[in-house]
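Hi,

Here is the structure I promised to send over. Have a look first, and then read on for what turned up in it.

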Amino acid sequence: MATMRAERLVNLVLCLLSTRQFLTAERIRGIVPGYADAPNDEAFFRTFERDKAELRDLGIPLETGRNSAFDLTDGYRIARRDYELGDVDLLPDEAAAVALAVRLWDSPELTGAARGALLKLRAAGVDVDERASAAVEPKVRTSEPAFAPLLAAVQSGRVVRFDYRRPSSQDATRRTVEPWGVVSWRGRWYLVGHDRDRQAERCFRLSRVVGAVEATGPRDVVQRPPDVDLLRVVAGGERETPPITPARLWIEHGRAQGLRRRSTVVDAMELDGVPGDVVELDLVYPESAATWIAGYGPDVVVLEPDTLRKTVHETHLGAAADTARGEMRA
């Protein structure tokens, strides 16, 4: 039931975000999947009022109004200017955490329902904003069939059984596992848990799971040990803290606030006649940080180390080349 309500709310947001018109409740009832199942008018309006209240509680701004003086009832829509989030600056590790969260929410069923809502809007003659689909379009996907049942088993605390193929053999063996968690490591998904057959802590790559995953036994039997680091298990216990790389950057006054929050201002300096600050910060992964820093464009210039400066410069050149190619194709 909770999944159906979540799908209906997403469809409602997509519907109201995708139109420039005010849509009446009756029109929404015929367009948005999930409302047509209401047994009568009273049940629909009760559900619709509850959904509107929930969206407002979530901070989603609903506009109420009429398209013309001839309309007899109010309609609803969501203004993109109020809905869209402003620029958010994330460090590489923070961006990775957000990408992981997106992967956990990625659902083919949810995506299909959202696209169906757009088709219904167009079929109903509603003026659809083509850009709005990006608001709920998944950016990262997992195509592993074992992902959903294993994640469900982790959440319910149930033991799982599945056939597993080791990299050194084409033959699959039956495994019985107490699942502790499903994690992503270097672009691949793994299950971490207690292998009852080996009586030991083990991790399993989801792409090597053969056939269906079977959840067995009662719920809430499996409990993850509080001192277990799932990623450390997947990485073989070799996830040592990498060395810190100090960096010095120039930032234009009033710019790159996200980067400033992670840095310490040590000096003031003009660069090509533009006033700015010299800042220092420690980077754990300077290679991945180069893309993050390059995203600020000319507002940020790397002073040290030289390797980071060159990497950021090359990233700028690559972005300029991509833009030039795009303009030529246009």
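In which sense do strand S5 and S6 pair, and over how many bridges? Strand S5 (residues 188-195) and S6 are antiparallel partners, joined over six bridges. One place to look is His194, whose bridge partner in S6 is Glu201. Before you zoom in further, please keep in mind that this is a predicted model.

Those two strands belong to an open sheet of five strands, in the order S6-S5-S4-S3-S7, with antiparallel pairing. At the edges you'll find strand S6 (200-205) and strand S7 (209-216), each of which pairs on one side only. On average, neighbouring strands in this sheet are turned by 45 degrees against each other, if you ignore direction. As a reminder, strands of a sheet pair through backbone hydrogen bonds, either parallel or antiparallel.

Now for the helix that goes with the sheet. H7 lies across strand S3 (159-165), strand S4 (172-185), S5 and S7, and runs at about 80 degrees to S4. Within helix H7 (residues 147-156), the buried residues are Phe147, Leu150, Leu151, Ala153 and Ser156.

Elsewhere, Tyr35, Phe44, Phe45, Phe48 and Tyr76 make up one aromatic cluster. Also worth a click is Arg77, which lies over the face of Phe22, at 4.0 Å from the ring centre.

The chain has a mean pLDDT of 77, with 72% of its residues at 70 or more. Among its elements, S3 has the highest mean pLDDT (94), while helix H6 (residues 108-123) has the lowest (50). Over residues 102-111 the pLDDT stays under 50, and the model gives that stretch 19 contacts beyond four places in sequence. Residues 130-141 are also below 50, with 26 contacts in the model beyond near neighbours in sequence. Where pLDDT is low, the predicted coordinates should not be read in detail.

Cheers

Notes:
Residues numbered from 1 in each chain as written. Predicted model: local features only at pLDDT ≥ 70, side-chain atom pairs only at ≥ 80, totals over all residues. Heavy atoms only, no water. Buried < 20%, exposed > 50% of the residue type's maximum accessible area, 1.4 Å probe, protein only. Helix = DSSP H or I, 4+ residues; strand = E, 2+ residues; numbered from the N terminus. Pairing = 2+ DSSP bridges. Axes fitted to C-alpha atoms, helices over the stretch in contact; angles between N-to-C directions. Contact = heavy atoms within 4.5 Å. Phe/Tyr/Trp six-rings, centres within 6.5 Å; stacked < 30°, edge-to-face > 60°. Lys NZ or Arg CZ within 6 Å of the ring centre and 35° of its normal. pLDDT = per-residue confidence, 0-100.
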